[in-house]
Amino acid sequence: MKNRNVKFAVVGVAVVAAGFARLSQPSVVAAPNSQSAAKSTGVKKEKIVKVVRTEAQWKKLLTAAQFDVLRQEGTERAFTGDYHPRKETGVYNCAACGLSLYRSETQFDSGTGWPSFWKPIAGHVQETTDADGSRTEVKCARCDGHLGHVFTDGPKPTGLRYCMNAVAMKFVADKKTPAKK
Ligand SMILES: [Zn+2]
């Protein structure tokens with residue numbers, strides 16, 4: 001008899017605890033399924049928080065040449081930008097939002113007059129097929145700024161050629177620490 005009472009008490013506590021858990025649950029926001037933006041292959045589990053600005057705001061922040069490429073999908077004239085591969089190592093960042101896009105080690109001289117890379121930093125660029133299906137556009141994954149296009153005539157190991165507009169990026173050498181003003 002005594003034993004059964006103890007059992008009942010334990011069950012009672014468990015029921016109360018379960019009830020409490022149920023009551024307190026609505027205050028916890030369920031994690032949304034954030035897989036929609038991710039591609040199925042080669043995506044790092046790094047979360048990129050989008051930078052969203054109006055076109056008017058971008059116009060103030062960017063130079064006319066940067067705005068033309070990044071926000072209006074323009075293309076700079078070949079051989080006019082900073083397209084040569086460098087001797088120093090570093091990273092090419094988005095000129096609009098600063099997200100790192102390409103490592104200098106992946107740059108090569110394609111002879112096109114545009115800075116060319118065989119691999120972006122994983123997850124930091126978005127690739128979408130142009131409306132007519134002829135080309136694949138490359139955008140910054142954080143601000144959606146237009147960077148250039150990717151083609152399949154690149155060198156090993158990927159065979160890809162990310163043909164970028166130099167004006168859409170800013171190079172930061174490895175040894176220099178980013179200015180902290
Ligand atoms: Zn960006």
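Student: Of the 181 residues of the protein chain, what percentage count as buried?
Tutor: Good place to start, and keep in mind that this is a predicted model. A residue is called buried when 20 or more other C-beta atoms lie within 10 Å of its own. By that test, the share of the protein chain that counts as buried is 24%.

Student: How many helices and how many strands are there in the protein chain?
Tutor: Let's read along the sequence, where the pattern is α-α-α-β-β-β-β-β-β-β-β-β. The totals are 3 helices and 9 strands.

Student: Which strands stand at the edges of the open sheet of 6 strands?
Tutor: The order in this sheet is E3-E4-E8-E7-E6-E5, with antiparallel pairing. An edge strand has a single partner strand, so one side of it is left without a neighbour in the sheet. Those strands are E3 (107–108) and E5 (125–129).

Student: Which residue in E8 is the bridge partner of glycine 148?
Tutor: Glycine 148 has its place in strand E7. Strand E7 (residues 146–151) runs antiparallel to strand E8 (residues 161–164), and 4 bridges join the two. In E8, the partner of glycine 148 is methionine 164.

Student: How far apart in space are glycine 148 and alanine 166, C-alpha to C-alpha?
Tutor: Along the sequence, 18 residues separate glycine 148 from alanine 166. In space, C-alpha to C-alpha, their separation is 9.3 Å.

Student: Where does the open sheet of 3 strands have its edges?
Tutor: Its order is E2-E1-E9, again with antiparallel pairing. The twist from one strand to the next averages 30°. Each edge strand has a single partner, so one of its sides lacks a neighbour in the sheet; these strands are E2 (100–103) and E9 (169–173).

Student: Which residue in the turn of the E1 and E2 hairpin has a positive phi?
Tutor: Strand E1 (residues 90–94) runs antiparallel to E2, with 3 bridges joining them. The hairpin has 5 residues between its strands, and the one with a positive phi, about 85°, is glycine 98.

Student: Which element gives the most to the largest nonpolar core?
Tutor: This core has 28 residues, and those with the most contacts inside it are Leu101, Cys140, Met164, Ala168 and Met169. Two or more residues come from each of helix H3 (64–70), E1, E2, strand E6 (136–140), E7 and E8. With 3 residues, the element that gives the most is E8.

Student: Which residues is methionine 169 in contact with, leaving aside its neighbours within four places in sequence?
Tutor: Methionine 169 is among the residues with the most contacts inside the largest nonpolar core. Contact here asks for C-beta atoms within 7 Å. The residues that qualify are Tyr92, Asn93, Cys94, Ala95, Leu101 and Met164.

Definitions and conventions. Residues are numbered from 1 along each chain as its sequence is written. This is a predicted model: local features need pLDDT of at least 70, side-chain atom pairs count only at pLDDT 80 or more; totals for chains, interfaces and linings use all residues. Two strands pair if DSSP finds at least two bridges between them. Axes are lines fitted to C-alpha atoms, for helices over the stretch in contact, and angles run from 0 to 180 degrees between N-to-C directions. A nonpolar core is a set of buried Ala, Val, Leu, Ile, Met, Phe, Trp, Tyr and Cys residues joined through C-beta atoms within 7 Å. A residue is buried if 20 or more other C-beta atoms lie within 10 Å of its own, exposed if 12 or fewer, and partly exposed in between; C-beta atoms are placed from the backbone. Two residues are in contact if their C-beta atoms, placed from the backbone, lie within 7 Å.
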